[in-house]
Amino acid sequence: MKPSATLAPPVTATAHVLHLITRMVRGGAQENTLATVAAIAGGGWRSTLVTGPADGPEGSLEPECHRRGVRMIHVPELVRELSPAQDVRALRRLVALIRAEQPQIVHTHTSKAGILGRIAARIARVPVVIHTPHGHVFHGYYGPLESQLFRWIEWACAPLADRLIALTEQERQDHLRRGIGRAERFVVIPSGVDFAPIDAARGERQAVRATLGIAPEAPVIGCVARLVPIKDHATLLAAFQRVVAAMPRAVLLLVGDGPLRGELEARATALGVRERVRFLGLRSDVPRLLAAMDLFALASLNEGMGRVLVEAMAMALPVVATRVAGIVDVVHDGVSGFLVPPQDPASMATAIVALLRDPALRRQMGEAGRRAVVPGYSVETMVAHLRALYCETLAERGLPVPLA
């Protein structure tokens, strides 16, 4: 008996992907989600973004969503904090909304939205459910009891997703080591970055320095991150104190905002480096600010991937970062920068000073970093992988896939 021929999946004019995330504030997970929703739409794809209130000092991405024509639906009950009564109301709203929208795919993002969204999607009988954790909250974000609770919930919810997307291989392994999800359901798709604004700003080093009042030859370290505990700016400031002792003209640019701003400004004063630290707050010209830097530093306690590291490397900046989670898959120690232990100001300062004192090494590592991320971490590459994944999971359910 001859084997039957493999039939191509049926095609359809459009497929609707409903993305769900807790809040659209400025941050790597949210920027990745926005890039995904905006870039996926078109051809045979429709996309909708469901989100809760964009509260917080980090700044809202919703104006950018509107500017890029993203269709948004707000669910006021969908909040980041654990709140059993609020969460039950959010779940009910999500089930009703998903039934009304009738998407072929629900793609959830981050932990809290991923928990409620996956449950709601299954109750509403959505054919395909995909979840991107954007890292994990198993350590560094909450206390031991809350962290353990999230680990248990993620273990329980993993079977609700047809696919789990990790941003890095390290993130995938972190989940599997904890028994969360099955290896065959995981796929690694790095967060995509739009390199065009970075390339456009590459020649603006001195012009940007002039607007900031920074001398042309001053050593400049930069960091772009929310001012929140997980980013551990306190360690970066302690390291910078040691850098200034070795290189008194050094400047530290801190781009971003958050609840710790006042505390970090006070800490910089106590360390005697306040006049050398620029708290630039929320900025819409991050690529131009990257152009003004000599190197990029990140002291995070936990990162899904470190999307901003990709942006810095695309600017050909060498990186000094902590050896945690997804960072080790992005920055190659000794090649595109130096990785140091978390909460170790002395090691971070030593690496920063070594790079600032060696222009040739900075240039070599910066060029290696750019080669490592361009074009592999582009939005176009990410979207191609996502569309292929969406088509694969639709076909597995015997559902039509879009024509384009």
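Trainee: In this predicted model, which residue does the side chain of Ser-191 join through a polar contact of 2.7 Å?

Mentor: That polar contact joins the side chains of Ser-191 and Arg-307, and the side chain of Ser-191 makes another with the side chain of Asn-32, at 2.9 Å.

Trainee: Where does Ser-191 lie, and is Ser-191 buried or exposed?

Mentor: Ser-191 lies in the loop between β8 (186-188) and α7 (196-201), and Ser-191 counts as buried because its relative accessible area is 1%, under the 20% cut-off. Once the neighbours within four places in sequence are set aside, Ser-191 is in contact with Asn-32, Leu-167, Met-305, Arg-307, Tyr-377 and Met-382.

Trainee: How should I read a salt bridge, taking Arg-118 and Glu-154 as the case?

Mentor: The general idea is that side chains of opposite charge can pair when their charged atoms come close. Here the closest N and O atoms of Arg-118 and Glu-154 are 3.0 Å apart. This pair links distant parts of the chain, with Arg-118 in helix α4 and Glu-154 in helix α5, 36 residues apart. Both Arg-118 and Glu-154 are buried.

Trainee: Which residue does Arg-397 meet in a salt bridge, and where are the two partners in the chain?

Mentor: The side chain of Arg-397 meets that of Asp-162, at 2.2 Å from N to O. Arg-397 sits in the loop between α16 (379-396) and β15 (401-402), whereas Asp-162 sits in the loop between α5 and β7 (163-166), so that the pair links parts of the chain 235 residues apart. Arg-397 is classed as partly exposed because its relative accessible area is 43%, whereas Asp-162, with 7%, is buried.

Trainee: How do I read the buried residues of helix α3?

Mentor: An α-helix has 3.6 residues a turn, so residues three or four places apart point the same way. In α3, the buried residues are Gln-86, Asp-87, Ala-90, Leu-94, Val-95, Leu-97, Ile-98 and Glu-101. What covers them includes β2 (15-21), β3 (45-51), β4 (72-74), β5 (105-109) and α4 (111-123). Helix α3 (residues 84-101) reaches 25 Å from its first C-alpha to its last, close to the 26 Å expected, and just after α3 Gln-102 takes a positive phi of about 50°.

Technical notes
Residues numbered from 1 in each chain as written. Predicted model: local features only at pLDDT ≥ 70, side-chain atom pairs only at ≥ 80, totals over all residues. Heavy atoms only, no water. Helix = DSSP H or I, 4+ residues; strand = E, 2+ residues; numbered from the N terminus. Expected span 1.5 Å × (residues − 1). Buried < 20%, exposed > 50% of the residue type's maximum accessible area, 1.4 Å probe, protein only. Contact = heavy atoms within 4.5 Å. Polar contact = N/O pair within 3.5 Å; in protein donor to acceptor, adjacent residues only side chain to side chain. Salt bridge = Lys/Arg side-chain N within 4 Å of Asp/Glu carboxyl O.
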